[in-house]
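Please look at the sequence and the structure shown here. The report below takes up strand pairing, then aromatic rings, then a pocket.

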Amino acid sequence: MGAGPDALIEALHAVQETFGYLDAEALAYVGASLRVPPSRVYGVATFYSFFTLKPAGEHAVVVCLGTACYINGSGAVLAGLQRELGVEEGGTTDDGRVSLLTAHCVGTCSLAPVCVVDGEMLPRVTAASVLDHLTVSAVAP
């Protein structure tokens, strides 16, 4: 990794890979180490969707909001998950169990609506089927 402003994105990737997210202390450290102003570090960290400023939940649920999924009910799936989990899009439940995220398209339009739960593609979902999957995942070895 380089040393200086040109290494900012690479350094942020390395920190997030190590700790799972970028907190204020990590952003300040990276900025000071690379001699980059805090506003630029924060701007880069919030501009790129790969970076997260909050710890992720034990389980990641990604609801596809692409056209095919949305037409087939992914908006209702998202609303149901928000209601049942008590968390907004992009947030993590208070117990740290589930992060609820969205994507513009995951590329499986013929299976719409789709969710990706912990990297596993779930086709033709409802909010209830995603919650059932999470319950089963929680008790699986």
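In this predicted model, Val 63 stands opposite Cys 115 in strand 3. Strand 1, made of residues 59-64, and strand 3, made of residues 115-117, pair in the antiparallel sense over three bridges.

In general, the strands of a sheet pair through backbone hydrogen bonds, and the pairing is either parallel or antiparallel. Here four strands form an open sheet, and their order is 2-1-3-4. The pairing in this sheet is mixed. Strand 2 and strand 4 (120-122) are the edge strands, each pairing on one side only. On average, neighbouring strands of this sheet are turned by 25° against each other, direction ignored.

The next topic is the aromatic rings. A pair of aromatic rings is described by two values, the distance of the centres and the angle of the planes. How many aromatic pairs does a search of the whole structure find? The search finds two aromatic pairs, and the table gives their values.

| Pair | Centre to centre | Angle between planes | Type |
|---|---|---|---|
| Phe 47 and Tyr 48 | 4.9 Å | 90° | edge-to-face |
| Tyr 48 and Phe 51 | 6.4 Å | 85° | edge-to-face |

The planes of Tyr 48 and Phe 51 are at 85°, so this pair is edge-to-face; the cut-off for that type is over 60 degrees. Phe 47, Tyr 48 and Phe 51 form one aromatic cluster.

Are these residues buried or exposed? Phe 47 has a relative accessible area of 65% and is exposed, since the cut-off for exposed is over 50%. Tyr 48 is partly exposed, with a relative accessible area of 37%. Phe 51 has a relative accessible area of 8%. Buried means under 20%, so Phe 51 is buried.

Phe 51 also belongs to the lining of the largest pocket. As background, rolling a probe the size of a water molecule over the atoms shows where empty space is left. The largest pocket has a volume of about 320 Å³, and 18 residues line it. Nearest its centre lie Phe 51, Thr 52, Leu 53, Gly 90 and Leu 101. Which elements give two or more residues to the lining of the largest pocket? They are helix 3 (38-47) and strand 2 (98-103). Strand 2 is also one of the edge strands of the sheet described above. By residue type, the lining of the largest pocket divides into nine nonpolar, eight polar and one charged.

Terms used. Residues are numbered from 1 along each chain as its sequence is written. This is a predicted model: local features need pLDDT of at least 70, side-chain atom pairs count only at pLDDT 80 or more; totals for chains, interfaces and linings use all residues. Side-chain values use heavy atoms; hydrogens and water are left out. On a 1 Å grid over the protein atoms alone, a cavity is a set of points where a 1.4 Å probe fits but cannot get out, and a pocket is an open set with protein on both sides within 12 Å along at least five of seven lines; lining residues have an atom within 4 Å of a point. Grid points are joined across faces, edges and corners, and a volume is the space filled by probe spheres set on the points. Ala, Val, Leu, Ile, Met, Phe, Trp, Tyr, Cys and Pro count as nonpolar, Asp, Glu, Lys and Arg as charged, and the others, Gly among them, as polar. Rings of Phe, Tyr and Trp (its six-membered ring) pair if their centres lie within 6.5 Å; planes under 30 degrees apart count as stacked, over 60 as edge-to-face and the rest as tilted. Buried means under 20% relative accessible area, exposed over 50%, partly exposed in between (1.4 Å probe, protein chains only). Two strands pair if DSSP finds at least two bridges between them. Axes are lines fitted to C-alpha atoms, for helices over the stretch in contact, and angles run from 0 to 180 degrees between N-to-C directions.
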